[in-house]
Amino acid sequence: MNDYLKLEGVHKSFGGTAVLDRIDLEIRQGELVTLLGPSGCGKSTLLRCIAGLTGLDSGRIVLEHNDLAKLPPRSREVGMVFQSYALFPNLTVFQNVEYGMKMRGMPKAVRRSRTEELLALVDLEAKVNAYPHALSGGQQQRVALARSLAVEPKVLLLDEPLSALDARIRKNLRTEIRNIQKRLNMTTLFVTHDQEEALILSDRVCLMNEGRIVQDGSPETMYTAPRTEFAARFMGSYN
Ligand code: ADP
Ligand code: MG
């Protein structure tokens with residue numbers, strides 16, 4: 001198996017409660033895997049562990065043969081987009097996208113051409129000099145996506161990136177995210193609590209509950225062959 005991102009026995013407790021309970025997960029290069037589950041089941045904590053924003057109690061996270069525990073967050077080659085856009089309010093769209101490249105000391109000409117390329121990719125060339133407050137929620141999320149891609153991450157982590165958007169924009173942007181992900185062949189872990197989103201977007205769905213992955217399979221299998229009562233209910237297979 002050519003697993004690209006591999007989690008082995010990832011365990012994390014807060015105040016004596018296991019929030020991640022020995023999670024095993026393998027993702028192939030270019031795959032889009034959705035972590036689906038109810039609020040509080042540990043999805044964000046899992047992404048934060050991969051990004052290095054939260055430490056593990058035990059277990060291992062390996063990205064392309066590198067043990068991530070040995071790398072500080074900035075060296076992990078992981079891009080992350082949050083539910084709330086988290087753009088720098090005092091920087092323009094251009095400066096937001098450029099930011100990570102600047103931090104890494106990339107030359108100005110490279111930063112400029114790559115930022116322009118990314119803004120074209122997310123269809124926001126016209127907003128290059130705008131400030132975040134002048135953008136809609138959907139536009140801000142596209143900037144956040146471009147910003148996370150700017151440093152050419154090996155893995156993209158998307159933490160409910162569509163949840164704060166209204167229904168029509170959410171549907172457009174989810175299609176767009178999938179198209180971009182395929183075009184770049186970007187290995188992606190997409191978090192949502194919305195089963196429809198998971199079924200439509202994913203190569204594979206991992207259903208989580210109470211810190212564990214309770215079922216892992218194709219969107220079709222998750223829907224037509226839920227293995228537990230919980231999975232059936234959550235996937236909406238009962239009607
Ligand atoms: P999800 O993203 O699936 O909604 P989270 O990963 O945010 O879930 O949270 C999982 C559980 O861990 C929740 O019960 C939450 O309250 C708890 N938790 C998350 N972060 C912390 C923290 N820094 N300190 C204490 N408890 C936390
Ligand atoms: Mg969350």
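Author: The model is a predicted one. Strand S6 (residues 78–81) is covered on both faces, with Val78 and Met80 buried on one side and Gly79 and Val81 buried on the other.

Reader: What makes S6 and strand S7 (residues 155–159) a pair?

Author: Two strands pair if DSSP finds at least two bridges between them. S6 and S7 are joined by 4 bridges, so they meet that cut-off. The two strands run parallel, and the bridge partner of Met80 in S7 is Leu157.

Reader: How do you know that S7 and strand S8 (residues 187–192) pair as well?

Author: They share 5 bridges, where at least two are required, and therefore count as paired. The sense is again parallel. Leu158 stands opposite Phe190 in S8.

Reader: Which helix packs on this sheet, and which strands does it touch?

Author: Helix H1 (residues 43–51) packs there, touching strand S3 (32–36), S6, S7, S8 and strand S9 (204–209). The direction of H1 makes about 150° with that of S7. Helix H4 lies across S6 and S7, at about 170° to S6.

Reader: What is the strand order of the sheet that holds S6?

Author: The order is S6-S7-S8-S3-S9-S10, an open sheet of 6 strands with mixed pairing.

Reader: Why are S6 and strand S10 (212–217) called edge strands?

Author: Each of them pairs on one side only. Neighbouring strands of this sheet are turned by 20° against each other on average, with direction ignored.

Reader: Why is Ile23 called buried?

Author: A residue is buried if 20 or more other C-beta atoms lie within 10 Å of its own. Ile23 has 24 C-beta neighbours inside 10 Å and therefore counts as buried. This residue is found in strand S2 (residues 17–28). Leaving aside neighbours within four places in sequence, Ile23 is in contact with Leu7, Val10, Leu46 and Ile213.

Reader: What makes strand S1 (residues 3–14) a partner of S2?

Author: The two are joined by 8 bridges and run antiparallel; at least two bridges are needed, so S1 and S2 are a pair. In S2, the bridge partner of Phe14 is Thr17. An open sheet of 4 strands has the order S2-S1-S4-S5, with antiparallel pairing. Its edge strands are S2 and strand S5 (66–67), each pairing on one side only. H1 lies across S1, S2 and strand S4 (58–63), running at about 65° to S2.

Reader: Which residues of helix H2 (residues 93–103) are buried, and what do they pack against?

Author: Val93, Asn96, Val97, Glu98 and Met101 are buried in H2. The buried residues of H2 pack against helix H3 (108–121) and helix H4 (137–149). H2 is followed by Gly105, whose phi is positive, near 75°.

Reader: Which residues have the most contacts inside the largest nonpolar core?

Author: They are Ala146, Leu157, Leu189, Cys206 and Leu207, in a core of 60 residues. Not counting residues up to four places away in sequence, Ala146 touches Val97, Leu118, Leu119, Leu121 and Val122.

Technical notes
Residues are numbered from 1 along each chain as its sequence is written. Chains are lettered from A and ligands numbered from 1 in the order in which they are written. This is a predicted model: local features need pLDDT of at least 70, side-chain atom pairs count only at pLDDT 80 or more; totals for chains, interfaces and linings use all residues. A residue is buried if 20 or more other C-beta atoms lie within 10 Å of its own, exposed if 12 or fewer, and partly exposed in between; C-beta atoms are placed from the backbone. Two residues are in contact if their C-beta atoms, placed from the backbone, lie within 7 Å. A nonpolar core is a set of buried Ala, Val, Leu, Ile, Met, Phe, Trp, Tyr and Cys residues joined through C-beta atoms within 7 Å. Axes are lines fitted to C-alpha atoms, for helices over the stretch in contact, and angles run from 0 to 180 degrees between N-to-C directions.
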